[in-house]
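Trainee: I would like to go through a model with you, feature by feature. Where do we begin?

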Amino acid sequence: MYNRILVPTDGSAGMNRVIDHASNLADSHDAEVQFLYVVNTASFANLPMETSWENVTSMLRDEGEAALQAAERRADTDDVVTALGEGPPSREIVDHAREEGCDLIVMGTHGRGGLNRLLLGSVAERVVRSAPVPVMTVRVGDGTDGTGEEAADRNPTPDSPVGEAME
């Protein structure tokens, strides 16, 4: 069913869950996993004019290479390809999937809701809306242990808001 699975990575610890899902799918379907890190050049617009573009680009590319290496080490599959892109992340992800003939995109969401989601937007949401292939999203929450669940939700303590509500 799947021959090429695209996994966009940002190098965060929560990506471990996403990589594990993609690796399991790849093993089940004897598929190739393609990891993609996108240097978000749109974020350059907020930098002071005196900032050296070359230094910033170099630093972001280094971070991307490190994220790709970590993803490749984490992947529990033999057929892995990595790529580094530049541009708006959602557009680069969709373009990569189309150009490389990917059958599925597996990506993390940060579980933002409410006002944060409205103000910040969502790369995953934009990819889901414009991808030419199915997109599997794996929730990786901010401030979590990487499983997508708040630690207090799973193991409430008397000091936690969840623990207080349970008493």
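Mentor: We take confidence first, then the fold, then a few single residues.

Trainee: How should confidence be read here, and where is it lowest and highest in the protein chain?

Mentor: Where pLDDT is low, the predicted coordinates should not be read in detail. This is a predicted model. The protein chain averages a pLDDT of 79, and 70% of the residues score at least 70. Strand S1 (residues 4-8) has the highest mean, 97, while helix H7 (residues 161-166) has the lowest, 34. Over residues 143-167 the pLDDT stays under 50, and the model has 27 contacts beyond four places in sequence for that stretch.

Trainee: What does the secondary structure of the protein chain come to?

Mentor: There are seven helices and five strands. Read from the N terminus, the elements follow the order β-α-β-α-β-α-β-α-α-β-α-α.

Trainee: In what order do the strands of the sheet stand?

Mentor: Strands of a sheet pair through backbone hydrogen bonds, either parallel or antiparallel. In this model the five strands form an open sheet in the order S3-S2-S1-S4-S5, and the pairing is parallel. S3 and S5 (135-139) stand at the edges with a single partner strand each, so one side of each has no neighbour in the sheet. From one strand to the next, the twist averages 25°.

Trainee: How many bridges join S2 and S3?

Mentor: Seven bridges join S2 to strand S3 (residues 80-86), in the parallel sense. Phe-35 has Thr-82 in S3 as its bridge partner. S4 (residues 104-109) and S5 are parallel too, over five bridges, and Val-106 has Met-136 in S5 as its bridge partner.

Trainee: And which way does the chain cross from S1 to S2?

Mentor: S1 and S2 pair in the parallel sense over five bridges, with Ile-5 opposite Val-33 in S2. Between S1 and S2 the chain passes through helix H1 (residues 15-29), and this β-α-β crossover is right-handed.

Trainee: Which strands does helix H3 touch?

Mentor: Helix H3 (residues 89-100) packs on the sheet and touches S1, S2, S3 and S4; its direction makes about 150° with that of S2. Helix H5 (residues 123-130) lies across S4 and S5 and runs at about 155° to S4.

Trainee: How do I read the two faces of a strand? Are the residues of S2 buried or exposed?

Mentor: In a regular strand the side chains alternate between the two faces of the sheet. For S2, one side carries Glu-32, Gln-34, Leu-36 and Val-38, the other Val-33, Phe-35, Tyr-37 and Val-39, and all of these are buried. Eight of the eight residues of S2 (residues 32-39) are buried, so this strand is largely enclosed by the rest of the structure.

Trainee: Across the protein chain, what share of residues count as buried?

Mentor: Of its 167 residues, 37% count as buried. The accessible surface comes to about 9600 Å², and 47% of this belongs to carbon and sulfur atoms. Among contacts between residues at least 6 apart in sequence, 73% join residues at least 24 apart.

Trainee: Let us turn to single residues. Why does Ala-22 count as buried?

Mentor: Buried means under 20% relative accessible area. Ala-22 has 0% relative accessibility, so it counts as buried. Ala-22 is in helix H1. Not counting residues up to four places away in sequence, Ala-22 touches Ile-5, Val-7, Val-33 and Val-106. The C-alpha atoms of Ala-22 and Ile-105 are separated by 8.8 Å, although these residues lie 83 apart along the chain.

Trainee: What does Ser-23 contact?

Mentor: Ser-23 is also placed in helix H1, and with 3% relative accessibility Ser-23 counts as buried. Beyond its neighbours within four places in sequence, Ser-23 is in contact with Ala-75, Asp-76 and Thr-77.

Trainee: Then Thr-82: what is its relative accessible area?

Mentor: Thr-82 has a relative accessible area of 35%, so it is partly exposed. Thr-82 is in strand S3. Leaving out residues up to four places away in sequence, Thr-82 touches Phe-35, Leu-68 and Glu-72. Its C-alpha atom is separated from that of Leu-68, 14 residues apart along the chain, by 6.4 Å.

Key
Residues numbered from 1 in each chain as written. Predicted model: local features only at pLDDT ≥ 70, side-chain atom pairs only at ≥ 80, totals over all residues. Heavy atoms only, no water. pLDDT = per-residue confidence, 0-100. Helix = DSSP H or I, 4+ residues; strand = E, 2+ residues; numbered from the N terminus. Contact = heavy atoms within 4.5 Å. Buried < 20%, exposed > 50% of the residue type's maximum accessible area, 1.4 Å probe, protein only. Pairing = 2+ DSSP bridges. Right-handed = clockwise from strand over helix to strand, strands pointing away. Axes fitted to C-alpha atoms, helices over the stretch in contact; angles between N-to-C directions. Areas by Shrake-Rupley, 256 points an atom, 1.4 Å probe, with all protein chains shown as cover.
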